[in-house]
Amino acid sequence: MKKETQKINLKGLWLEDYEKIMEDLGEKRFRARQLASWIYSKKATDISQMSDLSRDLRDRLNQIAYIETIKPVKSQISQKDYSEKFLFELSDKEKIESVLMWEGKRVTACISTQVGCPLGCTFCATGKMGFKRNLTTGEITDQAFALSTLPISNLVVMGMGEPLMNYENTLQALRIINNEVGLSLTAGKITVSTAGIPKMIDQLAEENLKVSLAVSLNAPTNEKRNQLMPVNKKYPLEGLLKSAKNFAKKKKKRVTFEYVLMKDVNDSEKDALALSKLVTGIPCKINLIPYNPVPDLPYDRPAEEKIAAFRDYLYPRCPSVTLRRSKGEDIFAACGQLQTQS
Ligand code: SAH
Ligand code: SF4
């Protein structure tokens with residue numbers, strides 16, 4: 001028997017790949033649909049479960065293929081807001097986290113796209129752990145599946161990692177999640193959050209999958225942003241905002257700008273004014289996120305009055321400003337607190 005590593009992982013493939021597999025086995029192409037349905041609708045974990053394929057075909061498929069599934073190893077529920085953080089182990093023993101959040105009737109799943117992150121933002125726990133590897137399409141899809149024991153209403157790609165630096169796998173996963181064979185989740189309910197890779201934002205704007213875009217701005221000037229997000233040195237604000245505007249225009253959809261408020265770093269009136277000027281002319285919403293403290297990192301959350309003052313200063317100048325209360329802070333599941341050790 002072939003070792004698992006030489007076999008094809010069926011999770012993460014799509015119809016054209018399944019057609020090729022079936023053809024190579026001398027089978028009819030239409031069986032590809034059966035495979036997709038077993039993997040993504042019925043969430044089969046083993047080829048032997050595929051009861052509408054003949055035993056002989058299952059045996060032959062078993063010789064060349066297998067189904068990889070991420071392994072839940074731990075889950076923690078916040079006593080404050082019932083958000084739940086899941087720790088998964090991958091086949092190479094690396095670990096990732098995903099979060100399920102409740103807000104009224106809305107259930108939002110937050111998934112990861114990389115083990116660690118290569119962009120090293122100075123305020124972020126994931127950035128601090130460095131970069132291990134990209135997640136496969138199957139590993140990204142599996143998180144959404146694992147979190148969907150109840151139907152999810154929204155999916156945010158805001159967990160560990162930079163989705164636009166694992167573009168192909170992330171997009172393929174989102175297509176599967178969007179498809180009726182997967183979770184049937186409307187693209188409009190899916191948000192991809194990026195630290196800002198302009199050329200990939202441009203590419204996303206050309207896709208036929210109409211997902212929402214969130215750009216983590218976090219600072220109103222290049223000078224400040226360079227300090228917080230080293231990626232800004234390579235892709236400064238001018239080009240990033242141009243791509244964000246292009247996305248909004250192409251998709252006829254407002255872009256969300258995320259702005260993590262950090263005490264004495266980016267929370268002054270001057271910052272708010274600069275921010276409002278920066279986004280003028282771009283169809284957008286601004287989402288203010290009070291900083292979630294990370295052990296050993298030298299940042300703090302501003303006082304409540306300061307947060308409110310920033311919002312109030314920004315609001316009349318920008319048409320849509322929301323203040324996001326992070327979920328799951330007590331279990332280190334909030335924005336930017338995801339971090340695993342292998
Ligand atoms: N890499 C992508 C998506 C993952 S980070 C990105 O940067 O957008 C998701 C969000 O968490 C980003 O908006 C980021 O600015 C924010 N974030 C990171 N660390 C944080 C922290 N400690 N407190 C609050 N938000 C944080
Ligand atoms: Fe990576 Fe996003 Fe964290 Fe920056 S904020 S280090 S891009 S995960």
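Rings of Phe, Tyr and Trp (its six-membered ring) are taken as a pair if their centres lie within 6.5 Å; planes under 30 degrees apart count as stacked, over 60 as edge-to-face and the rest as tilted. By this rule the count comes to five aromatic pairs. The model is predicted, so to speak of local features a pLDDT of at least 70 is needed, side-chain atom pairs count only at pLDDT 80 or more, and totals for chains, interfaces and linings use all residues. Residues are numbered from 1 along each chain as its sequence is written, chains are lettered from A and ligands numbered from 1 in the order in which they are written, and side-chain values use heavy atoms, with hydrogens and water left out.

**First stop: the rings around Y40**

Select Y40 and F145. Their rings form an edge-to-face pair, 6.2 Å centre to centre with 65° between the planes. Y40 belongs to helix α2 (residues 31–41) and F145 to helix α5 (residues 137–146), so the pair ties together parts that are 105 residues apart in sequence. Helices (H or I, at least four residues) and strands (E, at least two) are DSSP runs, numbered from the N terminus. Are these two residues buried or exposed? Y40 has a relative accessible area of 0% and is buried, and F145, at 9%, also counts as buried. Here buried means under 20% relative accessible area, exposed over 50%, and partly exposed in between (1.4 Å probe, protein chains only).

Then show K43, whose charged end sits over the ring of F145, 4.3 Å from its centre. The charged end of K42 sits over the ring of W38, at 4.0 Å from the ring centre. A charge is counted as sitting over a ring if NZ of Lys or CZ of Arg is within 6 Å of the ring centre and within 35 degrees of the ring normal.

**Second stop: Y259 and F310**

Next, select Y259 and F310, which form a stacked aromatic pair with 5.3 Å centre to centre and 25° between the planes. Y259 lies in strand β12 (residues 255–261) and F310 in helix α12 (residues 304–314), so this pair ties together parts that are 51 residues apart in sequence. Y259 counts as buried at 1% relative accessibility, and F310 counts as buried at 2%.

Which residues are found around ligand 2? They are C117, L119, G120, C121, C124, G127, G161 and A195, where a residue is near a molecule if one of its heavy atoms lies within 4 Å of it. By class, this shell has five nonpolar, three polar and no charged residues. In this scheme Ala, Val, Leu, Ile, Met, Phe, Trp, Tyr, Cys and Pro count as nonpolar, Asp, Glu, Lys and Arg as charged, and the others, Gly among them, as polar.

On a 1 Å grid over the protein atoms alone, a cavity is a set of points where a 1.4 Å probe fits but cannot get out, and a pocket is an open set with protein on both sides within 12 Å along at least five of seven lines; lining residues have an atom within 4 Å of a point. Grid points are joined across faces, edges and corners, and a volume is the space filled by probe spheres set on the points.

The count comes to one cavity of 30 Å³ or more, and the largest cavity holds about 30 Å³ of space. Select its lining: N9, K11, E68, T69, I70, T136, G138, E139 and D142. Helix α5 gives the most to this lining, with three residues. The lining divides into one nonpolar, four polar and four charged residues.

Move on to the second largest pocket, which has a volume of about 310 Å³. Of the 17 residues that line this pocket, K85, L87, E97, Q339 and T340 are the closest to its centre. Strands β3 (71–77), β4 (84–89) and β5 (95–103) each supply at least two residues of the lining. By class, the lining of this pocket has seven nonpolar, six polar and four charged residues.

**Last stop: two loop residues**

Select K93, in the loop between β4 and β5. Its phi is near 75°, a positive value in a residue other than glycine, and K93 is exposed, with a relative accessible area of 52%. Finish at S184, in the loop between α6 (167–178) and β10 (190–194). S184 has a positive phi of about 55° although it is not a glycine, and S184 is partly exposed, with a relative accessible area of 45%.
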